[in-house]
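Come along and check each entry against the picture.

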Amino acid sequence: MTGRYRIIVQNRRLHYALEIKRNITIIQGDSATGKTTLIDMLRQYMNLQESSGIHVDCAKPCRILEGPDWELILKNLSGYIIFIDEGNSFITSQRFAEMVKGSDNYFVLITRESLYNLPYSVDEIYGLTSSGKYQHAEKTYQEMYQIYSARQTVDLPIEILLTEDSNSGFQFFRGMAEETGHTCLSAQGKSNVFSKLKSMRDSERNICVIADGAAFGAEMMRVHAYLERHSHIILYLPESFEWLILRSGFLPTHAVQDILRAPENYADSTRFFSWERYFTTLLVTETAGTPFQEPPSNTRRVV
């Protein structure tokens, strides 16, 4: 599945407005923010349709997935937007992750847990809030908001770069750091970023963590909480290193620029588990047959 979809779920008292554009969207938040009510309304609509008094408006069919037969049901679904509540423990399982990979469905997962088996984006972690525009209306209007939405310029002289990977991104930033007399370290994987930061807790040097935002969502809760207690650490989360290259204008083709404006129209969930993987494939495709193409796997890269 590709594309961006707006979902309206409403009855006489409640109105939910959601917009999703990737295969995995996370809705978090405290109790009493409307998450369970949303699932209840979708369940009623799924069972009773319009006679439930609930109206669901979306270009794709929406439904919930729950219960012991979830795997059998999911195998037979295609082209759906599927909502799953946190009460279903299977969402943390490796089997569920395997079925999401390559699925022709979008998934909206309502959970306060970090789902380490799934590569979801920092930008697709949301909470629900009542819209101020309608706060005095008889109907309550609920909308999504990004939990990690801070975008700001930080006047902090960076002394250490910490990258999540040890491959091309690390090689690039290490070369840049060496030119400016700084230090660049690798965490050897996104799951190690938090532990690496803890091992550096006694350092008074300013640190910039660089990670692929398109798949860093599961790590964000604990890393963000740690950063709130350590003002000398900042996060830089581009979609991926390959996205940075594409966005730099290094390949200024109209096709690439069109894709970057709306990746959701091109990153097919049946082929790409995350946008991170899509941008890697796009870069390899666009540089094929040029002096910048990816070298054979048995060729040693020189940095």
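**Entry on exposure.** I began with the word itself: a residue counts as exposed when its relative accessible area is over 50%, and as buried when that area is under 20%. I kept in mind that this model is predicted. Then I looked up Arg-12, which sits in the loop between β1 (5-10) and β2 (14-20). Arg-12 has a relative accessible area of 79%, so I noted it as exposed.

**Entry on a lysine.** Is Lys-139 buried or exposed? Its relative accessibility is 18%, so I wrote down "buried". I found Lys-139 in the loop between β8 (125-130) and β9 (140-146). Its side chain makes a polar contact of 3.1 Å with the side chain of Gln-10. The side chain of Lys-139 also reaches the backbone oxygen of Asn-11, at 3.1 Å.

**Entry on cysteines.** How many disulfides are there, if two cysteine sulfurs must lie within 2.5 Å? I got a count of 0 disulfides. For Cys-58, the nearest cysteine sulfur belongs to Cys-62 and is 4.1 Å away, and Cys-58 is in no disulfide. Cys-58 is buried, because its relative accessibility is 19%.

Conventions. Residues are numbered from 1 along each chain as its sequence is written. This is a predicted model: local features need pLDDT of at least 70, side-chain atom pairs count only at pLDDT 80 or more; totals for chains, interfaces and linings use all residues. Side-chain values use heavy atoms; hydrogens and water are left out. A disulfide is a pair of cysteine sulfur atoms within 2.5 Å. Buried means under 20% relative accessible area, exposed over 50%, partly exposed in between (1.4 Å probe, protein chains only). Helices (H or I, at least four residues) and strands (E, at least two) are DSSP runs, numbered from the N terminus. A polar contact is a pair of N or O atoms within 3.5 Å; within protein, one must be able to donate a hydrogen and the other to accept it, and residues adjacent in sequence count only if both atoms are side-chain atoms.
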